[in-house]
Every structure is written in C-alpha cells, then in structure tokens.
Amino acid sequence: ILDFGFDRLGADQSQIDHPILITECACNPVQSRGKMAELLFESYGVPSVAFGVDAAFSYKYNQQLGICNDTGLAITSGFTTSHVIPFINGEPVYEACCRTNVGGYHVTDYLKQLLSLKYPHHISKLTWERVEELKMEHCYIAADYASEVQLFQRGDKEAEDETRCWQLPWTPSPVEEPPSEEEIARKAALKEKQSQRLREMAEAKRSSKINELENELKGLEFLLEELKDIEEDDEIVSFLASRGYASKREVESAFAKVTQSLRKAKGEQVPSEEKVDISAAEKYYLIDIPDDELSAEQLKEKRRQVFLKSTTEARQRAKQRRLEEELEKEKEKKLEEQKRMENPERYLEQLRAKYKELSEKLEQRKRLKTNGNHANGNNNVSGGVGRGERLNAAQRERMRLLTTAAFDRGKGEDTFGQRDEDWQLYKLMSRDNDDDDDDKPDHDETELARISSRLREIDPTFFPGSESGASASEAPRFRPLTKEDFQIILGVERFRCPEVLFNPNFIGIDQSGLDEMVGVSLRRLPSWVQGLEDKMTSSILVTGGSCLYPGLGERLEAGIRMIRPCGTPIKVVRATDPIMDAWRGASVYAAAMQFPQQTFSRTDYYEKGEDWLRRYKFKYTI
C-alpha cells in the first residue's frame with residue numbers, strides 16, 4: 001500500500017525525504033505504532049513521523065466548517081470497527097472512548113450470506129464486490145426495526161414499493177419459427193440428393209457382391225466337374241481335404257447356398273421348399289448315418305451338426321413362442337381398445353382401480369418382506385425382525401424339515417440315508433428344489449408396468465405413484481427458465497443487514513450497538529464538569545464509510561433519546577464527506593506551521609527507541 005501511494009505521489013527515489021502524517025485508530029497499541037515507525041524509518045528512510053486518529057481529524061475539520069462544536073461526540077464506523085470518541089474543548093478524551101468490532105465488512109458479509117442462502121443457484125454471481133455495490137445502493141437503517149419487519153410480513157403495497165430488484169444477465173430461449181417454403185424445398189432437394197447417393201452406393205455394393213458370388217459359384221462348378229473324373233473314394237476324400245472340404249455333400253451344400261445367395265442378390269424369389277430342403281437335408285447330412293460308418297473327422301463333424309441342429313430347433317421354438325405371445329398380446333390389446341371405445345369413462349375407471357390394487361399389493365408384499373409378516377408367531381415387541389419372518393412358505397417348510405432331521409439325529413444313532421424315504425426328504429430339503437419366489441419374474445410388477453404405460457397413453461393427467469397417495473395435480477412440471485428466474489429480490493435484507501451496527505448479536509457478536517456505545521462513553525466522562533453530557537449530545541458527528549446509510553441519523557437520535565433523560569438536547573449531524581474528511585483534516589494539520597513540532601525524527605527513534613512512542617500524543621489544537 002505504501003509503495004503504491006508513494007509511487008502515485010511521484011516519490012520514486014530510494015528514500016522518502018518528506019515528513020509523514022499517518023492515521024491510526026483510537027487507543028492504538030504501542031506495538032503497532034512501533035512496527036509502523038520501524039517500517040517508515042528503516043525501509044523508506046523518512047525524516048520524521050506523526051500519528052493521529054482519523055476520527056479526530058474528521059471532527060476537527062467539520063468543526064472548522066461550523067458543523068459541530070468544540071465539545072461533542074464523534075461516532076465513526078469503518079470497515080471492521082466502530083468508535084465513539086468524546087471531545088472536550090477540541091481535544092479527544094481517549095479514556096472515555098468506546099469501541100465495537102462491527103463495521104462495513106460485517107454488513108457486507110451478512111448480506112452475502114443471506115442472498116447466497118436465498119438464491120443458491122446464483123451464488124457465482126454474488127461476488128464480494130457486487131454485494132458491496134448492492135449494499136451501498138439499496139441498504140438503509142430502519143427507524144423501527146420491529147415495525148419494518150411487520151410491514152414486510154404483511155406484504156402490502158408499501159412493502160412492495162420498498163422492494164428492489166437486481167436483474168441478472170438473461171437471454172430468452174429462441175422461439176422456433178416454422179420453416180418457409182423455400183427452406184422446405186431446399187431440405188427436400190438435399191434429402192433427395194443424399195438418397196440418390198445412397199442408392200448409387202448400394203447398387204455398387206450389390207454389383208460387387210454379385211461378382212463375388214458368381215466367381216465363387218464358377219469355382220464350385222469347376223470343383224464338381226473335377227470330382228466326376230475321380231472314381232476312388234480315398235482319392236475323393238484327399239482331393240476334397242486339399243480344397244478345404246470334408247465330403248462331396250458339403251461341396252454340393254455350399255453350391256446350393258451360393259446359388260441361393262446369388263438369386264437373392266439379383267432380386268429373384270427363392271422358393272420356400274428349397275430353403276427347407278437345404279437347411280434340413282444338406283446342412284445336417286451326417287446325423288442319420290451310423291457312427292461305425294464314419295471316420296474320426298466325420299464323427300467330430302456329426303457331433304457339431306447335432307449340436308447346431310438342437311440349438312437351431314430350440315431357437316425356432318422360442319421364436320414360435322414369442323410370436324404366439326405377441327399374437328396373444330395383440331389380441332388382448334384389441335379387446336381392450338374395443339372396451340375403451342365402447343365406454344371410455346368406465347374403461348379408465350377400471351384401469352385406475354386395477355393400477356391402485358396392484359400398487360397396494362406390491363407395497364404390502366414389500367412391507368412384509370422388509371418388516372416381517374409374523375407368520376411364525378414371533379411378535380417382536382422391540383421392532384426387530386427375525387430371519388424366519390422374511391421367509392416365504394417354501395423356505396419355512398425347508399427350515400422345518402432341517403430342524404426335524406436334526407432333532408431326530410440327536411436322539412440316538414444316526415441312520416439317516418438308509419431308507420428310501422430319507423432320500424425323498426433330502427430332495428425336499430435341497431436348495432435346488434427350493435421354490436423361491438424371488439428368482440422368478442414377478443407377474444404383478446409386469447402387469448403394473450403395462451397398466452402404467454397404458455394410463456400414460458390415454459390419460460394426460462396420470463402420473464405414476466399419484467393413485468396411492470398424492471393427487472395428480474401435484475405431479476412435477478418442468479418449465480423453461482424465464483426472466484423472473486434471473487432476478488435477485490432485495491426486500492427485508494435492505495434494512496436487516498445494516499441493523500448489525502445497532503444489534504451485533506444478529507451475527508453472533510456480543511457487544512454494544514452504536515446507540516448503546518454513546519451511553520457507555522458518556523458514563524466514562526469525568527463527573528466534575530457540570531452539564532458536560534448535555535453539551536456532548538447537542539453536537540454528535542457521524543463519520544466513516546459505514547455512516548452513509550439513509551436513516552442512520554434519525555435512528556441514532558431515537559436510540560440516544562431512549563437512554564437519556566427527558567428534555568436532553570440531542571443533535572446528530574453527518575460529516576460533509578464521511579469518507580474523505582479525515583484526509584482533509586489531516587492535510588490541514590500537515591500544512592500548518594506547528595506540524596513539525598508534533599513529529600518525532602528518525603534520530604529520536606534510534607536514540608530513544610519504541611518506549612518513547614508510549615508517551616507520544618498528538619495535539620489537535622492549532
């Protein structure tokens with residue numbers, strides 16, 4: 001800070017060859033004075049230094065302007081502290097001053113906290129600098145805090161007039177306009193161009209595939225012609241093995257498959273009978289041949305064909321079942337649609353009733369599974385649930401059989417397993433035969449999902465879960481963000497935050513407010529002067545950056561009047577410039593002829609040390 005100030009003043013030499021008058025707070029500790037003197041003398045090399053209280057300079061400057069008397073009170077509220085300093089005949093009485101650790105910082109911080117809690121989604125916009133600007137622009141001191149709060153609680157027209165709005169940057173959502181005819185024509189032409197390109201690519205790919213299939217078909221035809229010239233079976237097997245085939249039937253099957261693929265590529269229709277013959281007779285040609293007539297390679301191929309045939313048939317059966325289920329569902333859907341067309345209100349009422357019934361049933365099942373259904377007579381008063389209460393009927397029967405077997409075994413010799421009945425009991429106790437409902441798909445849940453989907457289709461007011469508790473009108477609705485969503489509303493915060501200057505307990509500081517500090521300072525004045533308190537209250541000057549709030553003077557006057565006797569003269573005035581008057585008053589003293597006599601030099605500092613600073617006192621009377 002000192003580097004910045006000296007640089008702006010043009011003092012850019014290695015040493016500052018000029019006396020310094022620096023301000024401090026009232027009753028500044030000697031250690032702080034010593035640190036500042038050490039910094040100025042040893043780091044900057046100033047010739048002499050003087051210390052003065054900023055509030056005293058502001059009071060004396062306004063006294064010269066005729067705003068306040070030579071005897072009175074100076075109330076200053078700064079960034080972190082607030083002071084009340086009495087003046088008698090132009091000199092401050094530090095023994096009677098009062099201090100509170102509350103200032104403009106606490107007001108800004110309190111306002112920032114309130115707005116951050118009120119608008120958490122705009123917390124990034126609530127920077128310290130912006131909140132400081134909002135405080136200085138909109139905050140004020142309420143004449144009566146309780147009545148002002150009641151005014152905002154009523155929410156009438158007067159409270160609305162006292163409310164301020166800060167509009168954050170907001171860009172409205174673009175409104176989609178219907179495309180013009182030119183735009184539609186342009187998009188259609190572009191789409192047609194892309195479709196033509198895709199058709200050309202598909203045609204080129206189809207031609208390439210046809211060429212490949214024709215070449216493969218010619219190769220298989222040539223291979224079959226070569227097989228006609230070979231008569232020995234062993235030579236046929238070795239010849240086919242060299243070409244990558246196991247038998248002549250496999251070559252013929254490949255030939256038929258390529259022929260069928262070529263017909264498909266050319267767009268020709270393939271008879272379904274030919275498909276069946278190829279898939280059944282040609283593909284699994286080794287299944288009906290006995291094993292003793294096959295070689296080792298052919299046996300391996302036969303096992304593979306058996307596996308493929310079984311999996312293919314299972315897949316076809318599953319596909320057939322799915323088709324049947326789909327047909328059944330389609331039939332049920334048509335029946336439901338017919339019922340809905342006949343009587344829509346009754347159909348919707350029945351559907352809602354079924355949905356509610358299934359919802360309650362599943363909820364009851366879930367509750368019994370979680371909390372226990374007390375089916376085994378274990379009524380646990382403490383609320384605990386045993387494992388037996390969470391088991392279904394099959395699991396409880398299995399536990400009963402295990403318990404019975406264990407009880408019989410403890411009676412004597414263990415003969416379990418010697419009789420056939422024991423093995424039947426063992427099968428019943430086996431976990432593999434345990435009919436656990438949890439492993440099976442729940443038909444009720446599937447039906448509930450289907451009904452819920454159907455209700456969403458035909459009833460726009462339906463919302464899942466609304467039938468069992470909340471009404472359909474309570475369903476959450478999502479809306480686009482509007483201008484009002486980007487507004488910071490300042491209502492009760494305007495006077496609630498500056499109120500900490502009079503009630504610091506709002507922010508957890510157990511100290512006196514500004515009006516109470518005046519009473520404390522008056523009680524500390526010397527009692528031998530008659531009428532001194534009345535002179536003090538008749539000239540009260542407020543100064544400092546935190547005294548700029550509208551209504552501060554009226555609130556101070558009302559608060560001081562409550563702690564003073566009836567008829568006491570009270571006059572509260574504000575400094576001409578609460579922020580700069582301290583500098584102006586200090587500049588007047590620094591330009592006076594007597595100023596060099598109130599400074600102490602660098603020589604005195606080195607000879608007398610910091611203890612001399614304890615006895616130093618600035619004289620404000622010129």
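Here is a guided walk through this structure, from the whole chain down to single residues.

The model is predicted, so local features need a pLDDT of at least 70 and side-chain atom pairs count only at pLDDT 80 or more, while totals for chains, interfaces and linings use all residues. Residues are numbered from 1 along each chain as its sequence is written, and side-chain values use heavy atoms, with hydrogens and water left out.

Let us begin with the overall picture. The protein has 22 helices and 11 strands; these are DSSP runs, numbered from the N terminus, with at least four residues (H or I) for a helix and at least two (E) for a strand. Of its 622 residues, 33% count as buried. Buried stands for under 20% relative accessible area and exposed for over 50%, with partly exposed in between (1.4 Å probe, protein chains only). The protein exposes about 40800 Å², and carbon and sulfur atoms supply 51% of that area; accessible areas come from the Shrake-Rupley method with a 1.4 Å probe, and for residues only the protein chains shown count as cover. Among contacts (heavy atoms within 4.5 Å) with a separation of 6 or more, 69% join residues 24 or more positions apart.

How confident is the predictor? The average pLDDT, a confidence for each residue from 0 to 100, is 82 for the protein, and 84% of the residues score at least 70. Helix α4 (residues 104–118) has the highest confidence, at a mean of 95, and helix α11 (residues 272–282) the lowest, at 50. Over residues 375–389 the pLDDT is below 50, and this stretch has 19 contacts in the model beyond near neighbours in sequence. Residues 467–475 also stay under 50, with nine contacts beyond four places in sequence.

Now turn to one residue, R555, in helix α20 (residues 552–563). Is R555 buried or exposed? R555 is buried, because its relative accessible area is 12%. Leaving aside residues up to four places away in sequence, R555 touches I141, A142, A143, E499, F502 and N503.

Salt bridges come next, each a side-chain nitrogen of Lys or Arg within 4 Å of a carboxyl oxygen of Asp or Glu. The whole structure holds 27 of them. One pairs R130 with E133, their closest N and O atoms 2.8 Å apart. These two residues are separated by about one helical turn, because they sit three residues apart in helix α5 (residues 128–138). R130 is partly exposed at 22%, and E133 is partly exposed at 41%. Another bridge joins K157 and D161, at 3.0 Å between the closest N and O atoms. K157 is exposed, at 56% relative accessibility, whereas D161 is partly exposed, at 43%. In helix α12 (residues 296–342), R304 and E301 lie three residues apart, and their side chains meet in a salt bridge of 2.5 Å, N to O. Elsewhere, salt bridges that share partners join E336, K354, E447 and R450 into one network.

Finally, look at the surface. I579, M580 and W583 form a nonpolar patch with about 340 Å² of accessible area together. Such patches take residues with over 30% relative accessible area and no salt bridge, joining nonpolar side chains (Val, Leu, Ile, Met, Phe, Trp, Tyr) within 5 Å and like charges within 9 Å. I579 is in the loop between β10 (572–574) and α21 (581–590), and I579 counts as exposed because its relative accessibility is 52%.

Note on methods
pLDDT is the predictor's confidence in each residue, from 0 to 100.
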